[in-house]
Every structure is written in structure tokens, then in C-alpha cells.
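Subject: The structure, and what turned up in it

Hi,

Here is the structure I promised to pass on. Have a look at it first, and then read on for what I found.

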Amino acid sequence: MLALLIQDPAKINYIEKPAPRPEVDAFGQLEKLASTFHDVDGLFYFTYAVCIFFFVLITGVLVFSCVKYRRKTFDQPPASNTTHNTPLEVVWTVIPLIIVMVMFAWGFAGSIDMTTVPYEASRNAYKASAKQWNWTFSYPNDAAKSYNEVWMRVGKPAQFTLESSDVLHAFYVPAMRVKRDIIPGRFQTVWFTPTDIGEYHLFCAEYCGENHSTMYARVHVVSEADYLKRPWDLWEDDTPEKAVKSAASLYSSLCSTCHSINGAVGVGPTWKGLFVKGPDGKITGKQRDVLVKGEKQTITVDDAYIMESVRSPDAKRAAEFPNGGMAVFPPDQLDDRRLKGIIEFMKSLAEK
Ligand SMILES: [Cu+2]
């Protein structure tokens, strides 16, 4: 697993195994529906059929007329002097109007459905926090968190409260037919009932900066029995070695978009060489220039400095990054236990 990280840690959001290829529906146009929102598919195919029908009709008449009524000689008189045909004009205005009104009513009903959270879903409420460039999920009636992965019970309506701590993002799970913009400073909600056990894609569907394309998460829909095993809680009963491993995967979910571990400078400083191993095997922090309110100081990297860099990054900025840009992680997004795990992971990178 670490080998994978070392290959290209700066760019790739660590993914343990490749994402499953989505199954498609009978017409091969949409991901196979895995929620109760059938309406979306009905409306999509209706619109699609209408478009194809009129495309063929209009282009057909156009091509036919171009060929049949083309000018064959220079002095040929016009084929027709007709300028108006009121009945025909009424027909081609009223028929499209009716079709568009059907689409509107269908779509409006669907959008009301999607934004009116039923009581049962509101009792099974998740939170999805988006930030550049990762997702943090909290579980219904549970203090647990997971990153870039979320587990849900099959057949149980669920609500997601969406929030962003930086810029616009969008919550998009194609197989569930839900998509909702996430607006900083506002809570948005979506709900859906997953109907099939499986693994589904969750994308950020609003361009949100350099690593938008890696802002991807997975939705695991599992049985009640599997859910009760709390598959998201990697950190329960961890040994120190396992904690470093879990921290490595946290690193790739939360930090790798900006921090490399191979020396490459990214959006933020590399973690390589933050800690060094002395000849006696003792691990110590390196000397580092920081800016405190714009004043340069030299400090020794230690646990407290790392904690501070994550909780209030602007207190001491790495001197090469005078403009900051570190993502703040308050304790409700990354608790002390996990943060300490990440510090152990940083120390595990120390070389002689
Ligand atoms: Cu995005």
C-alpha cells in the first residue's frame, strides 16, 4: 500500500482498489438506477426521444427541400411565393408548447419530490462536508466520521445535509439520481433511498479548483447486518502500526492533494524531511523558517507545531508560503486521535 503512495503521492488521491465500472441501464445511456427516483429516467428518455424525433424530422425536411427545390439554372423563377401559413404556424407553436409543458410538469414534480425530505429520511441523517478537495461524512446518531467513503443501509431512506467550508462544490451520485450544489455558508439537503447493495460513485460536480477531478468519494450500500459492523471505523482498537497505516490512508484522502511525501513541492510544502532520524535512531524535527504575523522566525518542528499547523495554520506559516492556503481542519473534522496518527505517519517517513 505504501509503495502505491510513493509512486505518485502528490497527485493521486489514494484509492485502495480501482472504482468499479458503473453498470448501465437497458439503453446504455444512464448508470443503472439504484434508488427510488424513477422519474428522472422517465423524463430523461422522454426528452431524449423528443429530441431524436425532431432532429430527424427537421433535418429530413431540410435536406429533402435543399435537394428537391434547389436552383438548377440561373434564370429559374422562385419555386413558391408563399410567405405565411397561419394554421401551420399555430400547429408548430402549439405542439412544442405542449411538449415543453409536459417536460416542465414532470421535472417540477420530480424536483419537489427530491427536495421534500420525508420524515423517515430525516431520522437517518448524514452530513457531507466538502472542502478542497475531499469529503468528510458523519453518520446518523453517531460521532463517527469517514473520509471519501460512506456506508449506508439498503432500503432505508437517508438524508444528507451538505456543507462546504471553502468554495462551491456539488454532491452528485449518478446511480442515485441526486445532484445538489453545495454553497458555502448554507446548508443544503438531499435525500434518497438506495435500493441495491453495491458500491457507487460520488463526484464533486462543480469545478472547485486545481484538484477538482480527484474530489471523488464512494458510497457503499450494505445490508443492515454489515452496517452494524461499522465498517467505517478503521480506528477502533488500532495498534500503533495499524494506526500509522490508517493514517497513511487518511493522508491520501485529506492531505495528499496539497502535500507530497517524496519531496515535490505542491500547493503546500512536502512532508519529506519534516522529521529526521539521528544516527542513534532518534527522531527529531527539522529546523524550519516560519512567518509569525509576517515576521520570520526559526523553529524546531515538533508535535505541537504540527497540531497548530492543522488547527490554526495562519499562526505560523511556512516561510516559502507567505500567502498560506492550508486547509483548516477543526477537531470535528479531524479529531486529535487521528491527527496524532498522522503525526506518527510523518515520523515514519523520517530517514537517516
Ligand atoms: Cu469540485
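How many bridges join S6 to S7, and in which sense do the two strands run? There are five bridges between them, and S6 and S7 are antiparallel. Before going further, please keep in mind that this is a predicted model.

**The five-stranded sheet**

S6 and S7 belong to an open sheet of five strands, ordered S4-S10-S9-S6-S7, in which the pairing is mixed. At the edges you will find strand S4 (149-153) and strand S7 (178-182); each has a single partner strand, so one side of each has no neighbour in the sheet. On average, neighbouring strands here are turned by 20° against each other, if direction is ignored.

As a reminder, strands of a sheet pair through backbone hydrogen bonds, either parallel or antiparallel.

**The three-stranded sheet**

There is also an open sheet of three strands, in the order S14-S13-S15, with antiparallel pairing. Strand S14 (295-300) and strand S15 (317-318) are at its edges with a single partner strand each, so one side of each is left without a neighbour in the sheet. Strand S13 (residues 287-292) and S14 are joined antiparallel by six bridges. To find the pairing on screen, look for Gln287, which stands opposite Thr300 in S14.

**Two domains**

The chain is divided into domain 1 (119-228) and domain 2 (240-348). Their C-alpha centres are 28 Å apart. Where they meet, 11 residues of domain 1 are in contact with seven residues of domain 2. Strand S1 (125-131) and strand S2 (134-138) each supply at least two residues of the domain 1 side. That side, sorted by class, has two nonpolar, seven polar and two charged residues.

**Helix packing**

Take helix H2 (residues 38-68) and helix H3 (residues 86-115) to begin with: their axes are 10 Å apart and the helices pack at an angle of about 160°. H2 is therefore roughly antiparallel to H3, and H2 passes H3 in a left-handed crossing. On the H2 side of the contact are Asp39, Val40, Leu43, Thr47 and Val50, and they meet Ile99, Met103, Trp106, Gly107, Ala109, Gly110 and Asp113 in H3. By class, this contact has seven nonpolar, three polar and two charged residues.

Next come H6 and H8, whose axes come within 8 Å and cross at roughly 95°. That angle makes H6 roughly perpendicular to H8. Residues of H6 in this contact include Ala243, Ala247 and Tyr251, while those of H8 include Gly341, Ile342 and Phe345. The residues of the contact of H6 with H8 are eight nonpolar, three polar and two charged.

H8 (residues 336-348) also packs with helix H7 (residues 303-311): the axes of H7 and H8 come within 11 Å and cross at roughly 125°. These two helices are therefore oblique to each other, and H7 passes H8 in a right-handed crossing. Asp303, Ile306, Met307 and Val310 in H7 meet Leu339, Ile343 and Met346 in H8. Six of the residues in this contact are nonpolar, none is polar and one is charged.

**Two backbone details**

Which two residues are joined by a cis peptide bond? They are Gln132 and Trp133, with omega at about 0°. Trp133 sits in the loop between S1 and S2.

The other detail is Arg230, a residue other than glycine with a positive phi, near 50°. You can find Arg230 in the loop between helix H5 (224-228) and helix H6 (240-255).

Methods. Residues numbered from 1 in each chain as written. Predicted model: local features only at pLDDT ≥ 70, side-chain atom pairs only at ≥ 80, totals over all residues. Axes fitted to C-alpha atoms, helices over the stretch in contact; angles between N-to-C directions. Helix = DSSP H or I, 4+ residues; strand = E, 2+ residues; numbered from the N terminus. Parallel < 35°, antiparallel > 145°, perpendicular 65-115°, else oblique. Left-handed = near helix turned anticlockwise from the far one by under 90°. Contact = placed C-beta atoms within 7 Å. Nonpolar A, V, L, I, M, F, W, Y, C, P; charged D, E, K, R; others polar. Pairing = 2+ DSSP bridges. Domains from an automatic or database assignment.
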